[in-house]
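Here is a short briefing to read alongside the model. Take a look at the sequence and structure first, then follow the notes by topic.

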Amino acid sequence: AQTVTQSQPEMSVQEAETVTLSCTYDTSENNYYLFWYKQPPSRQMILVIRQEAYKQQNATENRFSVNFQKAAKSFSLKISDSQLGDTAMYFCAFLLQGAQKLVFGQGTRLTINP
Amino acid sequence: GAVVSQHPSRVICKSGTSVKIECRSLDFQATTMFWYRQFPKQSLMLMATSNEGSKATYEQGVEKDKFLINHASLTLSTLTVTSAHPEDSSFYICSARGPLVLAGGTDTQYFGPGTRLTVL
């Protein structure tokens, strides 16, 4: 079975700083997808970024980028120029190709301080 | 695109009553929807996978007779908590597999805003 581990329960940075959230996963499969979801205080889950395992190029979405290291089974999220609105729980998730169920990590609570 | 709504956003009910929560895909058709439960400060726990026109697939430990799921159309799935008790109080979230036309297509789940259930 696949597992996802987020080793940082909480993080806190100053506004405008860059922060990196860690995520590792365990699978013996080769084809899968990885996601970062954001859950702000409103509790609405929002897709931040998506990565296909077959792509070597790291995904980016504006201030959000990932460092995908397939051999190391690592999928970290970098938030540049952090903003107060980035304060949220961040969940890393794994989806095996052809499967339906997302496997979530435990989450990292990120606080951006003014 | 890929907007998912839930109704109601909050519900308070008395112990022993049943509560229905609706999950709708507003701008796309979703053959597969998912129901999650989330306890405070914890991750999402998948309860069941809902497939249009067929019976839901429940995760181990989830009572089928207590949490009734109906996916009668391509845009609507409902979760009914039957004979609710205080221990059923929680935050319930639905999601839907995205449409093919979007980048990521059906391999990406889009989430509703959640429903907070309080059972007195």
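**Interface and disulfides**

In this predicted model, 20 residues of chain A are in contact (heavy atoms within 4.5 Å) with 25 residues of chain B. Residues are numbered from 1 along each chain as its sequence is written, and chains are lettered from A in the order in which they are written. Local features need pLDDT of at least 70, side-chain atom pairs count only at pLDDT 80 or more, totals for chains, interfaces and linings use all residues, and side-chain values use heavy atoms, with hydrogens and water left out.

**Between the chains**

- About 1800 Å² is buried between chain A and chain B, with carbon and sulfur atoms giving 49%; buried area is the accessible area (1.4 Å probe) that two parts lose on being put together, summed over both.
- On the chain A side, Arg43(A), Gln100(A) and Lys101(A) lose the most area to chain B, together 35% of what that side buries.
- The count of salt bridges (a side-chain nitrogen of Lys or Arg within 4 Å of a carboxyl oxygen of Asp or Glu) between the two chains is one.
- Lys101(A) meets Glu59(B) in a salt bridge, at 3.1 Å from N to O.

**Disulfides**

- Two disulfides (cysteine sulfur atoms within 2.5 Å) are found over all chains.
- Cys23(A) is joined to Cys92(A), S to S 2.0 Å; the torsion about this S-S bond is about -70 degrees, so the disulfide is left-handed.
- Cys23(B) and Cys94(B) form a disulfide, also with sulfur atoms 2.0 Å apart; here the torsion is about 80 degrees, so the disulfide is right-handed.
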